[in-house]
Every structure is written in C-alpha cells, then in structure tokens.
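The following report concerns a single protein chain. The sequence and structure are shown first.

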Amino acid sequence: MIHEDQGNDRMPNIGEIFFYTFDNTPVDPKTYMDLAKEDPSHLRAVAYNVLRDDAWEPAGLPSTERIIKALDGDIFCFQESYQTTIQAAK
C-alpha cells in the first residue's frame, strides 16, 4: 500500500486492488530545459516550498544552493520555512 501522510491519500483505495506489471519498455531520454531568461530585463519571481526548515539545515543546504543558483531568480518566496531567520536564508 502507498500512503501519503499529509493528505491521508491511499493507493489502492479501501476495498480496491492495484495491479502493476513491470516491463522493460524503453522510455524517452530526459528532455532538459534551458532556464536562462529570454530577456535579461525580465523579472523572475520564484516560489519555493522548502518543506519546513530542511532546506537550511547542513544536509539540505547544498541542494538548496544548487536550486537557487539554477533558477536565477530576482525574487524568492519561500514557503513552509518556520524557524529560519532572514540572515540564514540570504
């Protein structure tokens, strides 16, 4: 059973059966997107749900820094950051 805790969603639903057959069907390779701004004068606002304060913890900081640099935002809006100070998020 797959159970998502926050929304209390389950798969399969109670009374149902979920079947999946693994196979070796090839999948298309990843398609990469260019994240560069088309026009450097445009303003980029980024909303980032950091899921509590994990993004600022030592284990999560390298990933957070890579994401922030890759998105190259002008304005960042962080959600679910409860105990992080403004200085730590800079």
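In which strand is methionine 11 found? Methionine 11 belongs to strand β2, residues 9-11, where strands (E, at least two residues) and helices (H or I, at least four) are DSSP runs numbered from the N terminus. The model is predicted, so local features need pLDDT of at least 70 and side-chain atom pairs count only at pLDDT 80 or more, while totals for chains, interfaces and linings use all residues. Residues are numbered from 1 along each chain as its sequence is written, and side-chain values use heavy atoms, leaving out hydrogens and water.

The chain has a mean pLDDT (the predictor's confidence in each residue, from 0 to 100) of 87, and 99% of its residues reach 70 or more.

The search of the whole structure finds one salt bridge, defined as a side-chain nitrogen of Lys or Arg within 4 Å of a carboxyl oxygen of Asp or Glu. Lysine 37 pairs with aspartate 74, with the closest N and O atoms 2.6 Å apart. Because lysine 37 lies in the loop between β2 and β3 and aspartate 74 in the loop between α1 (61-71) and β4 (75-79), the pair ties together parts 37 residues apart in sequence.

Relative accessibility is classed as buried under 20%, exposed over 50% and partly exposed in between (1.4 Å probe, protein chains only).

| Residue | Relative accessibility | Class |
|---|---|---|
| Methionine 11 | 33% | partly exposed |
| Lysine 37 | 22% | partly exposed |
| Aspartate 74 | 43% | partly exposed |
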